[in-house]
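Student: Can we go through this one together? I'd like to ask as I look.

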Amino acid sequence: MIHIHVGIEHELHLQMYLQPDAQGAPICSFNVTEDLGELIEETFTRGVLAEKFPADPATIHVNIRPIYLQEPAVAKVQVQLVAGENGEAGTYYQDYTAGRWIRTAQWKALQLRESGRLSQDQTAYRLLVALERSSGALPEAPLLQSPPVEDSDLDAAGVRRFSEGSLESDRPVLVNARFAADAIRRCEEAGNQETGGAVLGKLIRLPQPLPGTETRIVTILASLVEDPRHVGMAAAFNFSPEGLVEAARIGELRGLGESVLTVFHSHGWSPHCRNCKPKVGCLLAKSSPSLQDYEMLSLFPSKGTLMPIAGRKPGVQGDRPILRIFAWRGGQLKAIRWQQYED
């Protein structure tokens, strides 16, 4: 077990205003210091996957400090990890402009509109502030566990040839061409109803990093496993725990060392998307994570989890849906580059 010591001299509070310059009294304010636990975990996971921080240090000292826009307004939060007593085992840090407090504010704005305190056309503006700690409470240290990685090479992992795409230097992701085609086909066939399934894959450590990357650790998304117990509808998709268990069993039967790494789902598609023009009133969700998608990630709490989503990209014309892969980057899910492979 990793022993974690958290150091922070402030509490973080999120305030919401009706004016963009934060004038007047806030319409609501809440302490978001506990949200920093997620940022600690993301920093650790990103450092391990990038091979810039040890996977199993005995002790980690966490230093968290606000970087001010104008005190006490916070522009970003820096999370630094120090392995060992004096950093002899390595140090790593990340800066964050977002965290769980962003989703909390979005939910709060929805509640304020439902209650009538905020009209449908009003915008609620966010301001993150750092205040002196009053209670001495610290953010709860998360249980840090490095993702399971096996030593392998591309041939043993079933990667025969690369095709289109490119790789992130610190988080290379390879996607089976058949999985990508299946995801796009299912999105197209489902129309305005969401569809999805379990994604089998694994993390491997290569003898050498791939060209253009800095880490030997590669994530492979190999196969889509559908199940009739997963239920899709317009703007929502419900995954069946039993269906995910069955997908894990299928992964074992394949005998390739794969597990259910994550889930795939679509955000709808229409023939009109081929001539997409940004407009108000489109009922299809964008091919980017929604608030509900963040909730769905509770199925896979690791900050190493990827989220593949197929759907439309507003304003981009195309004959078919697009597949995007999202990863935890800076306290939220962001689209990353990925490369197809053929087995």
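Student: What is the bridge partner of Asn176 in β19?
Tutor: In β19, Asn176 has Tyr341 as its bridge partner. Strands here are DSSP runs of E with at least two residues, helices are runs of H or I with at least four, and both are numbered from the N terminus. This is a predicted model, where local features need pLDDT of at least 70, side-chain atom pairs count only at pLDDT 80 or more, and totals for chains, interfaces and linings use all residues. Residues are numbered from 1 along each chain as its sequence is written, and side-chain values use heavy atoms, with hydrogens and water left out.

Student: In which sense do β10 and β19 pair?
Tutor: Parallel, over three bridges, with β10 covering residues 173-176. Two strands pair if DSSP finds at least two bridges between them.

Student: And β9 with β19, parallel or antiparallel?
Tutor: Antiparallel, also over three bridges. Gly165 stands opposite Gln339 in β19.

Student: New topic. What are the domain bounds?
Tutor: Domain 1 is 3-132 and domain 2 is 150-342. The bounds come from an automatic or database domain assignment.

Student: How many residues of each are in contact?
Tutor: 19 of domain 1 touch 21 of domain 2. Contact means heavy atoms within 4.5 Å.

Student: How many salt bridges cross that interface?
Tutor: The rule finds five. It asks for a side-chain nitrogen of Lys or Arg within 4 Å of a carboxyl oxygen of Asp or Glu. Glu51 forms a salt bridge with Arg205, with the closest N and O atoms 3.9 Å apart.

Student: Which element gives the most to domain 1's side?
Tutor: α1, with eight residues.
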